[in-house]
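Subject: Structure handed over, with notes on what was found

Dear colleague,

I am passing on a structure that I would like you to look over when you have time. The sequence and the coordinates come first, and my notes come after them.

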Amino acid sequence: MPINYLRGFTQPVRTDAANRRLGYSLAFVAGAANAGGFLAVGQYTSHMSGIVASLSDNLALGQVLLVLTGLSALLAFLFGAMTSAVLINWGRRHHTHSEYAAPLMLEALLLLTFGMMGANLEAHRLLFAPATVGLLCYVMGLQNAIITKISRAEIRTTHVTGLVTDIGIELGKLGYWNRAGAAHDAVRVIGDRQKLRLLCALLGMFFLGGLTGALGFKHLGFVSTIPLAMVLIMLAIVPLLDDLARHHHKPLR
């Protein structure tokens with residue numbers, strides 16, 4: 001791919017087209033990591049609604065260990081989002097090219113480590129399952145915060161409930177009958193077709209990623225996360241190299 005094309009995915013100056021391209025890529029990665037994680041430990045790691053609901057259920061049932069497990073998953077997602085916000089705001093304050101690329105590279109390195117070490121860690125099942133859930137929840141929080149910050153909360157890559165809700169809203173607006181005899185000052189209901197296409201594409205990429213991740217984990221195991229990490233590295237590497245080059249040529253004081 002051309003360098004400028006790759007640079008456009010995570011450079012600080014944003015366009016709607018660049019946000020969409022990044023959103024599609026991250027939705028695919030999120031779906032793949034989510035599905036692969038489920039096959040690894042039997043739990044989805046981007047579904048905070050389910051995790052919070054299970055916290056309530058297990059607390060009512062007195063399942064202390066499960067409550068602690070769910071709480072650690074929730075906190076991992078929260079800390080992932082916090083990490084992303086810290087890295088992005090630090091980059092913004094220091095005028096770096098990689099304010100968005102840095103947390104994305106961190107996500108890539110975590111997935112790469114998980115893919116290379118997962119098969120060895122599985123032998124220690126008692127520690128492996130909670131650690132895997134925590135890691136993947138952290139990664140999902142990290143990623144969701146990146147695209148939320150970039151798109152000013154217009155694009156989400158792990159919040160499928162919100163995607164389906166918004167698709168339903170836009171379909172309802174498209175199907176609304178604006179009667180000719182309505183009052184002149186009545187606001188016409190008009191669906192946003194461009195937004196609908198974006199939402200459907202994000203949902204489709206999440207589904208496609210989930211299918212790819214499930215098949216990859218089924219046939220290849222943990223190493224199937226390595227290609228996902230490589231995709232993220234490609235998306236993040238150019239702005240990081242730009243910062244490295246700028247630092248290298250910066251005169252010493």
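Predicted model: local features only at pLDDT ≥ 70, side-chain atom pairs only at ≥ 80, totals over all residues.

The overall picture

The protein chain is built from nine helices and has zero strands, so that, given how helices and strands are assigned, its pattern along the sequence reads α-α-α-α-α-α-α-α-α. Along its principal axes, the C-alpha trace extends over about 70 × 65 × 35 Å. Of the 253 residues in the protein chain, 40% count as buried, and the accessible surface comes to about 14300 Å², with 67% of that area belonging to carbon and sulfur atoms. When contacts between residues at least 6 apart in sequence are considered, 76% of them join residues that are at least 24 apart. As for charge, the protein chain carries 20 positive and 12 negative side chains, and the centres of these two sets lie 5 Å apart.

Salt bridges

Side chains of opposite charge can pair when their charged atoms come close. A search of the whole structure finds five salt bridges, and I describe some of them here.

Glu170 takes part in a salt bridge with Lys173, in which the closest N and O atoms are 3.4 Å apart. Both residues belong to helix α7, which covers residues 160–174, and they are three residues apart, or about one turn of the helix.

Lys195 counts as partly exposed, with 35% relative accessibility.

A further salt bridge is formed by the side chains of Asp243 and Arg246, at 3.8 Å from N to O. Asp243 and Arg246 are three residues apart in helix α9 (residues 225–248), which places them about one helical turn from each other. Asp243 counts as buried at 13% relative accessibility, whereas Arg246 counts as partly exposed at 40%.

A nonpolar patch on the surface

Val64, Leu68, Leu71, Leu75, Leu78, Phe79 and Met82 form a nonpolar patch on the surface, and together they have about 630 Å² of accessible area. One of these residues, Leu71, is placed in helix α4, which covers residues 64–93, and it is partly exposed, with a relative accessible area of 36%.

Single residues

Thr132 lies in helix α6 (residues 125–151) and counts as buried, at 3% relative accessibility. If its neighbours within four places in sequence are left aside, Thr132 is in contact with Val41 and Phe114.

Lys218 has its place in helix α8 and is exposed, with a relative accessible area of 64%. Lys218 and Gln63 are 155 residues apart in sequence, and their C-alpha atoms are 31 Å apart in space.

His95 may be worth a look when you inspect the backbone. Most residues other than glycine have a negative phi, but phi of His95 is near 55°, a positive value in a residue other than glycine. His95 lies in the loop between α4 and α5, the latter covering 101–121, and the residue is exposed, with a relative accessible area of 62%.

How values were computed. Residues numbered from 1 in each chain as written. Heavy atoms only, no water. Salt bridge = Lys/Arg side-chain N within 4 Å of Asp/Glu carboxyl O. Helix = DSSP H or I, 4+ residues; strand = E, 2+ residues; numbered from the N terminus. Buried < 20%, exposed > 50% of the residue type's maximum accessible area, 1.4 Å probe, protein only. Contact = heavy atoms within 4.5 Å. Areas by Shrake-Rupley, 256 points an atom, 1.4 Å probe, with all protein chains shown as cover. Lys, Arg positive; Asp, Glu negative; His and termini not counted. Charge placed at Lys NZ, Arg CZ, Asp CG, Glu CD. Patch = residues over 30% accessible without salt bridge, like charges linked within 9 Å, V, L, I, M, F, W, Y side chains within 5 Å.
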